[in-house]
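Work through the exercises below with the sequence and the 3D view open. Try each task before reading its solution.

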Amino acid sequence: MKKVLFLILTLGFIGAAQAQFGLRAGLSSANFSNTNYDAKLGFHAGGYYKFDLGIFAVEPGIQYSQRGYEGVESSSGDEINEKLNYIDVPVLVRFDFLPIVNVFAGPQASILASRKYSLGGNTSTSTDVIRGYDVGGVVGVGVNLPLGFNVQASYDFGLTSLNYFDTNVKNRLLKLSLGIDL
């Protein structure tokens, strides 16, 4: 009897779910934890697929994001510019508190796509000095606007050390995004 009831509830739950594809892009401010460098301004863009389950939704996605830092080398005075490009795969759970406001959180896996490091006039694109993946989390708040548009502010935080030049640092990223449900 329990199995039959569970099956009926599961089928009803899945049947009530509504899925919606969307696109999202915006500005980001990235840095490493435990450093004195300046945040690097960048952008992010990608898509998501939202499964609306009533008061909450599950939202897997994929997006491109820029990370890194800027600063000045203390010994030489030369400018440092580290640009890291990642492919992120978040799986968020959104809770609707009001018809237009939601909060969200979830895990995120990221793969390093490319790197460009410059110090003074020297440039390097080698990815050997940094871990090629990152595992982290995402938290944030979103607002649903008319015509399927949405805005959100989120904070991405790495949980694994990037082993950057054998140093224990983690990605930190503040994002402001504009999205549209298609």
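The exercises that follow concern a predicted model.

**Exercise 1.** Find which strands pair with strand 7 and how many bridges each pairing has.

*Solution.* 
- Start with strand 5 (residues 101-119): this strand pairs with strand 7 (residues 133-144) in the antiparallel sense, over 11 bridges. Within this pairing, Gly 140 of strand 7 is the bridge partner of Phe 104.
- Next take strand 8 (residues 149-158), which runs antiparallel to strand 7 and is joined to strand 7 by 9 bridges. Here Gly 158 of strand 8 stands opposite Gly 136.
- Then look at the connection: strands 7 and 8 form a hairpin with 4 residues between them. In the turn, Leu 147 has a positive phi of about 65°.

**Exercise 2.** Decide whether Asp 181 is buried or exposed, and find the side chain with which Asp 181 makes a polar contact.

*Solution.* 
- Locate Asp 181 in strand 9 (residues 171-181).
- The relative accessible area of Asp 181 is 16%. Buried means under 20%, so Asp 181 is buried.
- A polar contact of 2.5 Å links the Asp 181 side chain to that of Tyr 48.
- Beyond four places in sequence, the residues in contact with Asp 181 include Lys 50, Gly 148 and Asn 150.

How values were computed:
Residues numbered from 1 in each chain as written. Predicted model: local features only at pLDDT ≥ 70, side-chain atom pairs only at ≥ 80, totals over all residues. Heavy atoms only, no water. Pairing = 2+ DSSP bridges. Helix = DSSP H or I, 4+ residues; strand = E, 2+ residues; numbered from the N terminus. Buried < 20%, exposed > 50% of the residue type's maximum accessible area, 1.4 Å probe, protein only. Polar contact = N/O pair within 3.5 Å; in protein donor to acceptor, adjacent residues only side chain to side chain. Contact = heavy atoms within 4.5 Å.
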